[in-house]
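Subject: Structure handover

Hello,

Please find the structure below, followed by notes on what was found in it.

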Amino acid sequence: MQKLSRKNTLFVSLTLFSLFFGAGNLIFPPFLGESSGSHTMLSLAGFYITAVCFPIFAVIAISKHRGLFPLASKVHPKFALVFTFLIYLSIGPLLGIPRAGSLPFEMAVAPFLGSLARYQQIGLFLFTFVFFTIAYFISKNPTKLVDRMGKVLTPLLLVLMIIVFVGSFIKPFDGFTTPIGNYQTTPFVQGFLDGYLTMDTIAALNFGLVIAQIIQSLGITEESDVVKNTVRSGLFAGVLLMIVYGSLAYLGALSGHAYGYSEHGAQTLAHIITHIFGPVGVLLLAIIFTLACLTTSVGLITSCSQYFSSKTRYSYKNWVIAISIWSFITSNLGLSKILKISVPLLEAIYPIAMVLIVLSFLELFAELKHSVYKATIGVTTLMSMVSIIDVYVFTNGSLLKGVPLNGQGLAWVVPAVISFVLIQMNHSFKDKKKNATTVHS
């Protein structure tokens, strides 16, 4: 087996970590901790499944199938075409990249402008211009991602996070908050649903091929060895994500006792950092947010450009330019309108992505026919679409009333499991009958 050196494995793992770790990954764990209080560990357990395990599984699955399209084609080539296009479009230029450019300014800079608030639009323009210029230059050559992100940006981001965590012991908080809302009654399920908000499972369907290509550029040529090295790097990145999420959630649970419940995670994080470092914490917060969003933007620009260049006559560099310019413009003009369209789209395709990943891993233990993929994904797609209509059109939950787990936003789970079990049992029965007939004849 061809193995990456420990040094290269570390750098690839750090690169994968940085691709995942954006603004949402910074703000959701402390908010979860603040809302969960003494139930933080239970909420984290659910959060880890959808925010860590599924994304890492997705990277491995995409590496194994050499891309999202071949994996999705197990359902149907036409489904693969539409699903892949929606994944890249929604997590990339339609939502993910523009949001990553504007969020650092809106959450870590704008709230502290004070008397300069009237110049906020100009400030956003200048900030996003510099942001996407840097993102463009880093993204131009995807083979250099390890050098630029794994060796420079990610270690810098982790050092800043360590400074924050160590600082919490120097100037500690008093105690945990009392759980509120669903975090009090069903903390594990709420944590599981909160993991959706990172959107990392969908992003991982883009990043899997990027990581595989990086590993190949480091001299690993055999396909099976690329997958094995992806697993090693993915596991290390997953452990690192769990440590960082756990630390942020812990600080969030403590900060709530001192500052009360926040409106959103950015406010929670601001409370944590200003409590520890005072006014200088504002600058530290801005740097952390910017680095986290920059690394994620680079990963999304790279993966989307690779995909669109493979499907069109335009080169990779042309797509990097186009996506960078589009994201710069969109982050300044009309992002809120695009969010209204994009968020329901992401909520619709997230369950489909999760089921597709689960099916790809079940193949490690049993052969799955195309009909299993078709039925399970078909039912999941139907339930997911009906759920979105129920929430955003009818707004009263009447369409799926009585469906198990509908109240928790998981109405698709039981129908998907039932369809999988029934179709798989049917195939197993037919195979046994066929083998018995062969033996008797």
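Helices H1 and H11 run roughly antiparallel to each other, because their axes cross at roughly 155 degrees and angles over 145 count as roughly antiparallel. Please keep in mind that this is a predicted model. H1 covers residues 6-20 and H11 covers residues 200-217, and their axes come within 10 Å. The crossing of the two helices is right-handed.

On the H1 side, the contact is made by Val 12, Thr 15, Leu 16, Leu 19 and Phe 20. H11 contributes Asp 200, Ala 204, Phe 207, Ile 211, Ile 214 and Ile 215. Sorted by class, these are nine nonpolar residues, one polar and one charged.

Next, the nonpolar core. The largest one has 126 residues. The members that touch the most others are Phe 21, Leu 26, Phe 83, Ile 202, Leu 205, Ile 288 and Leu 356. Helix H14 (residues 281-311) gives the most to this core, with 14 residues.

Ile 202 is one of those core members. Leaving out residues up to four places away in sequence, Ile 202 touches Ile 87, Ile 91, Leu 346, Ile 349, Tyr 350 and Ala 353.

Ser 168 is found in helix H8, which spans residues 145-170. Its contacts, not counting residues up to four places away in sequence, are Leu 251 and Ile 276.

Regards

Methods:
Residues are numbered from 1 along each chain as its sequence is written. This is a predicted model: local features need pLDDT of at least 70, side-chain atom pairs count only at pLDDT 80 or more; totals for chains, interfaces and linings use all residues. Side-chain values use heavy atoms; hydrogens and water are left out. Helices (H or I, at least four residues) and strands (E, at least two) are DSSP runs, numbered from the N terminus. Contact means heavy atoms within 4.5 Å. A nonpolar core is a set of buried Ala, Val, Leu, Ile, Met, Phe, Trp, Tyr and Cys residues joined through side-chain atoms within 4.5 Å. Buried means under 20% relative accessible area, exposed over 50%, partly exposed in between (1.4 Å probe, protein chains only). Axes are lines fitted to C-alpha atoms, for helices over the stretch in contact, and angles run from 0 to 180 degrees between N-to-C directions. Angles under 35 degrees count as roughly parallel, over 145 as roughly antiparallel, 65 to 115 as roughly perpendicular and the rest as oblique. A crossing is left-handed if the near helix is turned anticlockwise from the far one by less than a right angle, and right-handed if clockwise. Ala, Val, Leu, Ile, Met, Phe, Trp, Tyr, Cys and Pro count as nonpolar, Asp, Glu, Lys and Arg as charged, and the others, Gly among them, as polar.
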